[in-house]
Amino acid sequence: MMASSAKGYCGFLLLVCFWLSGCSFYLPPAKVHNSLTTSVDNYQYLIGPKDTVSIFVWRNPELSGNFIVRPDGKITTSLVEDVVVSGKTPTQVARDMEAILSKYIRDPVVTVSVSGFIGPYSEQVRVIGAATNPKSINYNQYMTLLDLMIEVGGLTEFADGNAAKLVRVKDGRQLTYNLRLDDLIREGEIAANVDILPGDVVIIPEAWF
């Protein structure tokens, strides 16, 4: 009985020490996800959450419509629920819908278009830190670092552009590259311009004075 009470008391003391000392634990690192784009030379837009998907079913207007992609990457149409569209091209979704609708109508012909152009997180390019307007941007074919910096409005007054880093996922590993943003933007050294790939993250620190 005394041993049990002693254990309980020790546990209580540990809990009190924990709260008084302000102890905290770090969460594990975020999972690394490769870009779904296999070739930037033959880049095709991939649908993502919050995109609007327009589905046209020939001779079946009641099955056609505009559908917003849910956060789980699916849409619900007038006839079919939970159709996965995220991470696919509009053409792939059109073929999927034809296969699904063939169970209900004869020889369906489907055309799919997209608006919104947000795309999956794995395909977005992110700029954080000392940019004028840091944000996530949907990748555009043949995008370069200069294009990206124009999108975010360039550097802030106190940015240390030549200390900027680019983080890129390759084969499941995060690789970090040095950037020369000051040379590119403030000195006009075009040799400092580099290709941007889907999923890249650009981190721009502030200068120490």
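Me: How many salt bridges does the count come to?
Reply: The count comes to nine salt bridges, where a salt bridge is a side-chain nitrogen of Lys or Arg within 4 Å of a carboxyl oxygen of Asp or Glu. Keep in mind that this is a predicted model: local features need pLDDT of at least 70, side-chain atom pairs count only at pLDDT 80 or more, and totals for chains, interfaces and linings use all residues. Residues are numbered from 1 along each chain as its sequence is written, and side-chain values use heavy atoms, with hydrogens and water left out.

Me: What does Arg95 form a salt bridge with?
Reply: With Glu98, where the closest N and O atoms are 2.9 Å apart. Arg95 and Glu98 are separated by about one helical turn, because they are three residues apart in helix H2. Helices (H or I, at least four residues) and strands (E, at least two) are DSSP runs, numbered from the N terminus.

Me: Is Glu98 buried or exposed?
Reply: Glu98 is buried, with a relative accessible area of 18%.

Me: Which residues do salt bridges with shared partners join into one network?
Reply: Arg70, Asp72 and Asp82. Within that group, Asp72 forms a salt bridge with Arg70, and the closest N and O atoms are 2.9 Å apart.

Me: Switching topic: how many aromatic pairs are there?
Reply: The count is two. Rings of Phe, Tyr and Trp (its six-membered ring) pair if their centres lie within 6.5 Å; planes under 30 degrees apart count as stacked, over 60 as edge-to-face and the rest as tilted. One of the pairs is Tyr43 with Tyr139, with ring centres 5.0 Å apart and planes at 80 degrees, so it is edge-to-face.

Me: Where do Tyr43 and Tyr139 lie?
Reply: Tyr43 lies in the loop between helix H1 (2-21) and E1, and Tyr139 in the loop between strand E7 (136-138) and helix H3 (145-151), so the pair ties together parts that are 96 residues apart in sequence. Both Tyr43 and Tyr139 are buried.

Me: And how far apart are the ring centres of Tyr45 and Phe117?
Reply: They are 5.2 Å apart with planes at 75 degrees, so this pair is edge-to-face. Tyr45 is in the loop between H1 and E1, while Phe117 is in the loop between E5 and strand E6 (124-129), 72 residues apart. Tyr45 counts as buried at 14% relative accessibility, and Phe117 as partly exposed at 46%.

Me: Let's zoom out. What does the secondary structure come to?
Reply: Four helices and 10 strands.

Me: What's the strand order in the open sheet of three strands?
Reply: The order is E2-E1-E5, with antiparallel pairing; two strands pair if DSSP finds at least two bridges between them. The edge strands are E2 (65-68) and E5 (110-115), which each pair on one side only. Strand E1 (residues 52-57) runs antiparallel to E5, with six bridges joining the two. One spot to look at is Ile55, which stands opposite Val112 in E5.

Me: And what forms a hairpin with E8?
Reply: E9 does, with two residues between the strands. Asp171 in the turn has a positive phi of about 55 degrees. E8 (residues 165-170) and E9 (residues 173-178) pair in the antiparallel sense over six bridges, and Arg168 stands opposite Leu175 in E9. E8 is also joined by three bridges to E10 (residues 201-204), again running antiparallel. There, Lys165 has Ile203 in E10 as its bridge partner.

Me: Last one: which helix is Asp182 found in?
Reply: Helix H4 (residues 181-186). Asp182 is buried, with a relative accessible area of 14%. Leaving aside residues up to four places away in sequence, Asp182 touches Leu155, Ala159, Asp160, Gly161, Asn162 and Glu187, where contact means heavy atoms within 4.5 Å.

Definitions and conventions: Buried means under 20% relative accessible area, exposed over 50%, partly exposed in between (1.4 Å probe, protein chains only).
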